[in-house]
Amino acid sequence: MHDLTPITALGGSAARVDSVGDVTLTEVPDVALASVAARRGHEGVCAQTLESVLGTAAPSPGHAAEGAEYAAFWTGPDQWMLSADFNGYEDIAARIKSEVGDTASVTEQTDAWVCFDLVGPHINAVLELLCNVDLAGFQTGRATRTSIHHLGCYVISTDAGQSVRILGPRASAGSLHHAIITVMASAL
Amino acid sequence: MIINHPLLGPRDSAEFVYLGAAALMDRPDPETASAEDWHDYAYLRDNPAGPHRELWFHEGGDRSILIVTRDTTTHEITGVELAREVASK
């Protein structure tokens, strides 16, 4: 039996937390992720299944939704990313696949992404320097893909002007973290 | 230049990758096409001074491919459609 030590995306044994002024960037390691892409001709059934899984309608373009067990955000036409607490949902892809069956293709995404929560009263000052998201229209529940530091990242507004979740490519976790804290130091 | 994405609203053209003329969607049938059909498909393009239907891939966004009607002399965009919807018509 291997004796492996779990580490976070940034390589630590505990989640990294950085604060500048009253804005805090927190690494969130306990997120299970799976992408769902509806297969052609089954888009309607897939969306209905996701609605029953989420307990709320599958998010429309540019939006995110939160259910009791799972949260989801829209990633493309008839495509979504689902997330859940890693503790208890480590097998998220198999769970979702058993629900959607042949109506959708499900891909495990858990270790493909690094997740950060950026929280504080002045996060828009950070975001407007980081990416080209239209912040005036970035209300709670909006989600979009954008470029941060030349990395394709998802940005989800969890509390407009107060809190966002950023998902970036895990292999570039250090670069993304560096970019965000550099901008925090500059903007705040 | 701003492209008005049918699903996501106005987006900066820097998020997109240009994929060429929309005529590329009309690929010859591999079962029946002649060598000349493939030559025409691969190499022959109209080069209009004026409205031009072209493919733009939303690489920095939702990765959908759009058909943008753009005036090549002014960059004015007069139409944006999802290529998947045009293809399924």
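Mentor: Let us start with one pair in chain B: B:Leu55 has B:Ile67, in strand 5 of chain B, as its bridge partner. Strands here are DSSP runs of E with at least two residues, helices are runs of H or I with at least four, and both are numbered from the N terminus. The model is predicted, and local features need pLDDT of at least 70, side-chain atom pairs count only at pLDDT 80 or more, while totals for chains, interfaces and linings use all residues. Residues are numbered from 1 along each chain as its sequence is written, and chains are lettered from A and ligands numbered from 1 in the order in which they are written.

Trainee: Over how many bridges do strand 4 and strand 5 of chain B pair?

Mentor: Two strands count as paired if DSSP finds at least two bridges between them. Strand 4 and strand 5 (residues 65-71) of chain B have 7 bridges and pair in the antiparallel sense. Strand 4 (residues 51-57) also runs antiparallel to strand 3 (residues 17-21) of chain B, to which 4 bridges join it. There, B:Ala21 has B:Glu54 of strand 4 as its bridge partner.

Trainee: What joins strand 1 of chain B to strand 2 of chain B?

Mentor: A hairpin does so, through 3 residues. Strand 1 (residues 2-5) and strand 2 (residues 9-12) of chain B are antiparallel, with 4 bridges. Within this pair, B:Ile3 stands opposite B:Arg11.

Trainee: Which pattern does chain B follow along the sequence?

Mentor: The order is β-β-β-α-β-β-β-α, from 6 strands and 2 helices. The C-alpha trace of chain B spans about 40 × 30 × 20 Å along its principal axes. Of the contacts in chain B with a separation of 6 or more, 50% link residues 24 or more positions apart. A contact here requires C-beta atoms, placed from the backbone, to lie within 7 Å.

Trainee: Is B:Arg45 buried or exposed?

Mentor: The general idea is to count other C-beta atoms, placed from the backbone, within 10 Å of a residue's own: 20 or more is buried, 12 or fewer exposed, and in between partly exposed. B:Arg45 is exposed, because 12 other C-beta atoms lie within 10 Å. B:Arg45 sits in the loop between helix 1 (35-43) and strand 4 of chain B. From B:Arg45 to B:Thr74 there are 29 residues in sequence and 20 Å in space, C-alpha to C-alpha. For chain B as a whole, buried residues make up 18% of the 89 residues.

Trainee: Into which domains is chain A divided?

Mentor: Domain bounds come from an automatic or database domain assignment. Chain A comprises domain 1 (17-29 + 112-187) and domain 2 (31-110), whose C-alpha centres lie 23 Å apart. Their contact takes 11 residues from domain 1 and 9 residues from domain 2. On the side of domain 1 that touches domain 2, strand 8 (113-119), strand 9 and strand 10 of chain A each supply at least two residues. Strand 9 gives the largest share, 3 residues. That side of domain 1 divides into 7 nonpolar, 2 polar and 2 charged residues.

Trainee: In what order do the 6 strands of the open sheet in chain A lie?

Mentor: The order is 1-2-8-11-10-9, with antiparallel pairing. Strand 1 (17-20) and strand 9 (143-148) of chain A are the edge strands, each pairing on one side only. Inside this sheet, strand 10 (residues 151-159) and strand 11 (residues 163-169) of chain A are antiparallel over 5 bridges, and A:Tyr154 stands opposite A:Leu167.

Trainee: Which residues have the most contacts inside the largest nonpolar core?

Mentor: A nonpolar core is a set of buried Ala, Val, Leu, Ile, Met, Phe, Trp, Tyr and Cys residues joined through C-beta atoms within 7 Å. The largest has 58 residues, and A:Ala72 and A:Leu82 have the most contacts inside it. Neighbours within four places in sequence aside, A:Leu82 contacts A:Ala34, A:Val36, A:Tyr70, A:Ala72, A:Ile92 and A:Ile96. Another core, of 7 residues, lies apart from the largest one and includes B:Ile3, B:Trp56, B:Leu66 and B:Val68.

Key. Contact = placed C-beta atoms within 7 Å. Nonpolar A, V, L, I, M, F, W, Y, C, P; charged D, E, K, R; others polar.
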